[in-house]
Amino acid sequence: QLQLVESGGGLVQPGGSLRLSCAASGFTLDYYNIGWFRQAPGKEREGVSCISSSDGSTYYADSVKGRFTISRDNAKNTVYLQMNSLKPEDTAVYYCAARDPITTIQDMCIMVTRLKYDYWGQGTQVTVSS
């Protein structure tokens, strides 16, 4: 079965940290650009961060720049999102997705409502609250 599986979500206090993982099964991630996206209740899905398959270059939404770090470990077939200094507005379901590298990572992150992605995970809930 070809799928992406996210893990690492949970409840954290403002200012805290979480590390999300996105693991692939049935295929290898190293060919694909990978992105992290989130969707809060009543809001559209938005791109958080994306990473290139070719050179590991990264893109971050302005709202998370300096707080979140995306990385990939091709040997483990996994992409990570380290989230620090979390804020209540980061509360959302977080998804990872894979897309053919013909699309730039910037477009992959920005055009989430207009592009089709090769694989999506099922999502993991992140709640930032005191």
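The paragraphs below treat the nonpolar cores, then one arginine, and finally a pocket.

The model is a predicted one. Its largest nonpolar core comprises 29 residues, and those with the most contacts inside it are Leu4, Trp36, Phe68, Val79, Leu81, Met83 and Tyr94. Two or more residues of this core come from each of the strands β3 (18-25), β4 (33-39), β5 (46-51), β7 (68-73), β8 (78-83), β9 (92-99) and β11 (124-128). Apart from this core lies another, of nine residues, including Cys50, Ala97, Ile105 and Cys109. Beyond its neighbours within four places in sequence, Leu4 is in contact with, among others, Cys22, Phe27, Leu29, Cys96, Ala97 and Trp120.

Strand β4 also holds Arg38. Is this arginine buried or exposed? Arg38 has a relative accessible area of 6%, and because buried means under 20%, Arg38 counts as buried. Its side chain forms a polar contact of 2.6 Å with the side chain of Glu46, and another polar contact, of 3.4 Å, joins the side chains of Arg38 and Ser63. With neighbours within four places in sequence left aside, the residues in contact with Arg38 include Glu44, Arg45, Val48, Phe68, Glu89, Asp90 and Tyr94.

Arg38 also takes part in lining the largest pocket, whose volume is about 170 Å³. Of the 13 lining residues, Arg38, Ala40, Lys43, Glu46 and Glu89 lie nearest the centre of the pocket. By class, the lining consists of eight charged, three polar and two nonpolar residues.

Conventions
Residues numbered from 1 in each chain as written. Predicted model: local features only at pLDDT ≥ 70, side-chain atom pairs only at ≥ 80, totals over all residues. Heavy atoms only, no water. Core = buried A, V, L, I, M, F, W, Y, C linked by side-chain atoms within 4.5 Å. Buried < 20%, exposed > 50% of the residue type's maximum accessible area, 1.4 Å probe, protein only. Helix = DSSP H or I, 4+ residues; strand = E, 2+ residues; numbered from the N terminus. Contact = heavy atoms within 4.5 Å. Polar contact = N/O pair within 3.5 Å; in protein donor to acceptor, adjacent residues only side chain to side chain. 1 Å grid on protein atoms, 1.4 Å probe; cavity = no way out; pocket = protein on both sides within 12 Å on 5 of 7 lines; lining within 4 Å. Points joined across faces, edges and corners; volume = space filled by probe spheres on them. Nonpolar A, V, L, I, M, F, W, Y, C, P; charged D, E, K, R; others polar.
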